[in-house]
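Hi,

Here is the structure I promised to pass along.

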Amino acid sequence: MSREDVFQKVMEIIKPFVKNEDVFQQANESTNILQDLKVNSARLVDIILNFEDEFDVEVEDEDADSVNTVGDAVSLIMEKLAA
Amino acid sequence: MNSRVVVTGMGVVAPNGVGLNQYSQALRAGKSGIRHISVMEEYKFGCTVGGIPQGVDAIAEDYFTAEDLMAMNTSHRYGCIAAVDAWTDAGFERPSRDDDEVFWDAGAVIGSGIGGLDTAGERLIPFVDAGRVRRLGSTMVEQIMGSGVSARVAGLLALGNQVTANSSACSTGTEAIIEGYRQIQSGRARRMLCGGTEGSSHYQWAGFDAMRVLSRKYNDEPERASRPLSASAAGFVPSSGSGILLLENLEDAESRGARIYGEILGGNVNCGGHRRGGSMTAPNPDGVQMCIKRAVEESGIEKGEIDAINGHLTATGADSSEVFSWAKALEVSPEEFPLITSTKSMIGHALGAAGSLEVVACMLMLDGGFVHPSINCEDVHPNIEEFAGSIPQTVEEVPQLKTIIKAGFGFGDVNVCAVFRKWLNH
């Protein structure tokens, strides 16, 4: 799966949790999930679970903690897919 | 001086109608909302009928965001739809998420008898037992915590006064209304969203089935299964839904020109102490009568002014003793006995939501000048035969209907009673 494909899927998964639609429309890999998209921090747990389901990977809690930007999520998933 | 408290908005999600129009029409028509529930049959319940509001998910998708919906089980969906409807019915706009204004004088008391067991049964327990705790996600606690629905409503409507949940078994819904009434009466709040909500889950109903208190004889005729006051009553029909009322202080309601359904004249909440025949599951008749008497006293009306009774009346053996308790507490002979009706005959017993679903019925009856039928009691129980003339078999048009009294009784020997009056000063 290409990095662009993963990015698109990550964005789809994050979408229902986004509170700032305008920023979401312009989002790129450096967009911060909590600060820029105003996602409720408690819901990061659900986003990670949805990544696991969508990409059929397992994300450890320590890995999850390293996700701040959309790009962090994409990189993490690419890494898991390659493993 | 105490503030007077009026009802200016209502929302209802009931098995026989969602929204005030549908519900009001169903009540007038004596329409049952009881249906066959296949999951109860599948899991070998003795009772395989119940009350589940219809078409709720489609409404929920209109009302709530995808993120909200992920954290809303049936109890949440019913309660939040009813609360939002009560708010807008009262003429208030639903605030935007982006608007930082908080309504510091508006609160909520929204309780459940059980609540959230669909989430516990379908997700929490199976996931934990399978060692998959981390797969529960973030939405578990808010769906099973006792105050989950009131908390969700607070976020939807930016409530800033007391936001809490009460629980007193089958008197929960009416008790919530008394709690909100007192909060406004004492000047601590200016408007309160109050009532009960109860989700649809066979896990919620299983314990009652095991106690053999559910109706088992009418599984093939769901609409006839809930038979309060009847000689052939065979237990209550489990049900679900929500009724929420927006209570407001009279001055505010009048100054903004709100439509007023009725006034809460007074109420009482007590417990029979599990004495004199009272127990976890049966009421002490002294407690019941005292609760009714004190509610009437607080209302400042004469007993003879009561035009109609919306009873607890579940379709168990307790119906007859309830009728006798009313007669004793109100000191009326069978001939003078007011009209008495059971909303549960149409919607079943919605446990913690029952009381407020029935108070919504009371307000609709006051507003519309009618008393809805108590269906399925064409064979009035012989013990209460002399009261049969007071039980409407079809809708009674009562244009002069002015005062309704409502009681609810719950496991734990707890009682609640409230008196409502039609608003005539407009």
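What do the buried residues of α1(A) pack against? Their partners are α3 (44-55) and α5 (70-82) of chain A. Helices here are DSSP runs of H or I with at least four residues, strands are runs of E with at least two, and both are numbered from the N terminus.

Before the rest, some housekeeping: this is a predicted model, where local features need pLDDT of at least 70, side-chain atom pairs count only at pLDDT 80 or more, and totals for chains, interfaces and linings use all residues. Residues are numbered from 1 along each chain as its sequence is written, with chains lettered from A and ligands numbered from 1 in the order in which they are written.

Back to α1(A): V6(A), V10(A) and I14(A) are buried (20 or more other C-beta atoms within 10 Å of their own, C-beta atoms being placed from the backbone). They sit on the same side of the helix because they cover an arc of only 70 degrees around the axis (taken from the directions from the axis to the C-beta atoms). The face turned away from that buried side has E4(A), D5(A) and E12(A), which are exposed (12 or fewer such atoms).

Chain B splits into domain 1 (5-255) and domain 2 (266-422), with bounds from an automatic or database domain assignment. Their C-alpha centres lie 21 Å apart. Across the boundary, 63 residues of domain 1 of chain B are in contact (C-beta atoms, placed from the backbone, within 7 Å) with 53 residues of domain 2 of chain B. On the domain 1 side, α9(B) gives the largest share, eight residues.

Cheers

Technical notes. Two residues are in contact if their C-beta atoms, placed from the backbone, lie within 7 Å.
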